[in-house]
Amino acid sequence: MKQDIKTYNVIAEEGLALFPKDQYRINQSDKPTALLIRSQDMHKTYFGPNVLAIARAGAGVNNIPLVQATSNGTVVFNTPGSNANAVKELIITMLILANRPVIKSIDWAKKVVGADVSLQTEEGKNHFAGTEIAGKTLGVIGLGSVGSRVAQAAGALGMKVIGYDPYISVEHAWQLSNQIPRAEKLSDLLPQCDYLTIHIPYTEKNKNLITAEQLKQMKSSAVLLNYSRWGIVNEKAVVAALDNGELQKYVTDFSSNTIIGHPKIVITPHIGGTTNEAEVNGAKMAARTLRKYLETGNIINSVNFPTIEMPFEAPVRLTLIHQNVPNMVGRITTILADEEINIDNMINRSRDTIAYTVIDTGMIAESLLKKIKARLLQIPEVIRVRALEK
Ligand SMILES: NC(=O)C1=CN([C@@H]2O[C@H](COP(=O)(O)OP(=O)(O)OC[C@H]3O[C@@H](n4cnc5c(N)ncnc54)[C@H](O)[C@@H]3O)[C@@H](O)[C@H]2O)C=CC1
Ligand SMILES: O=C(O)CCC(=O)C(=O)O
């Protein structure tokens, strides 16, 4: 039977092409097996408990209700790093544009006409002097896929970069040059920055990370960039700081009625990850991750389930999503033993309140498989059982 994938937002064709037509149907059913999305607000979009998985082509997953998905047994994936280079290039662009009136000068140059164009432009260019980023200090909050790339690129352009990430992963720490010092505390970083850029996920803890208290610690000449998410920076505090001359400029990818039209605020329309390359990367990564889960039960790049990669070599694979409580494996294997099923291979992993068990067995007749699934689902803590055949 074909599996139904439903997409939201623009998903690159190159990713959709990775779903073979003899196995999958795209956007042909309102009861999909899995969703492939970008920024669709899934807090406001109904998805039933039958949805096995949601793949977010992109990094942030604050548009997905993770607690609800986890309790439904819906595995949520993202595509780490797929658009990090796109964001990095835009941040470098915005760092330069913040203090170099390139756009104004282009607009002006369009209007200079007549026989003496060359003379007029030479005279007029004095109005468009800017400053360089080389030699200035850039603070980078969050040294993950985006932040570590921004830090490296800005360092290569001659900026003095200071990072801040108390939770940095070992992988990203290795990628970072040892020339880039890391601040222990946010309050150590803020007073040093000419530019401050934020690259962290939106979580309850990160909401209002930058508000009046932090802004007061910054130089009044500083430029603040937020290409992470709306809500991490308190906009009202930013507007007040700009109006009081306590901050030079705010540059962000997230528009709102509080900031539109402010002369010291530059807004781009959430285009950090909007390049052809990033869209193709994200769609392909999301499609591959979804297929892996749907076809083998293996989980990589999930934000709510444990990683599990066990080669699918046996004829039948049972996958069980269940609550993370003691003696689940015992209760599951007792049912299999009772039905005289021999286990070839097994793996069990947990993450917070949820656990995932994958069991490989020999051939099981269709009717017995149905019976086993029904018995396993009778264990109250079991949320979902799938039987995959090779
Ligand atoms: N504007 C756009 O189009 C895009 C926006 N984003 C946003 O940027 C965020 C970061 O993206 P990635 O770098 O790919 O994610 P990532 O998961 O690779 O890195 C996030 C880093 O932030 C760190 N972190 C978390 N809380 C922190 C805190 N309070 N202080 C300092 N560090 C903290 C983590 O330890 C991690 O190293 C995403 O969650 C998303 O919201 C990402 C891509 C495109
Ligand atoms: O372009 C997109 O779909 C959103 C990019 C983004 O915000 C993310 O990856 O978190």
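Domain bounds in this legend come from an automatic or database domain assignment. The model is predicted, so local features need pLDDT of at least 70 and side-chain atom pairs count only at pLDDT 80 or more, while totals for chains, interfaces and linings use all residues. Residues are numbered from 1 along each chain as its sequence is written, and chains are lettered from A and ligands numbered from 1 in the order in which they are written.

**View 1. The protein chain is divided into three parts: domain 1 (1–83 + 275–305), domain 2 (84–267) and domain 3 (309–390).** Between the C-alpha centres of domain 1 and domain 2 the distance is 32 Å. Nine residues from domain 1 and seven residues from domain 2 form the contact, where two residues are in contact if their C-beta atoms, placed from the backbone, lie within 7 Å. On the side of domain 1 that touches domain 2 there are three nonpolar, five polar and one charged residues. Here Ala, Val, Leu, Ile, Met, Phe, Trp, Tyr, Cys and Pro count as nonpolar, Asp, Glu, Lys and Arg as charged, and the others, Gly among them, as polar.

**View 2. Ligand 1 lies between domain 1 and domain 2, because both give residues to the shell around it.** The shell has 34 residues, of which Gly60, Gly142, Gly144, Tyr167 and Gly272 come nearest; a residue is near a molecule if its C-beta atom, placed from the backbone, lies within 6 Å of it. By class, 16 residues of this shell are nonpolar, 15 polar and three charged. The helix α6 gives the most to the shell around ligand 1, namely three residues. Helices (H or I, at least four residues) and strands (E, at least two) are DSSP runs, numbered from the N terminus.

**View 3. The largest nonpolar core has 47 residues.** Such a core is a set of buried Ala, Val, Leu, Ile, Met, Phe, Trp, Tyr and Cys residues joined through C-beta atoms within 7 Å; buried residues have 20 or more other C-beta atoms within 10 Å of their own, the C-beta atoms being placed from the backbone. Leu224, Leu225 and Leu247 have the most contacts inside this core. Its largest share, eight residues, comes from α3. Apart from this core lies another, of 44 residues, among them Phe19, Val51, Ile64 and Ile359.

Key: A residue is buried if 20 or more other C-beta atoms lie within 10 Å of its own, exposed if 12 or fewer, and partly exposed in between; C-beta atoms are placed from the backbone.
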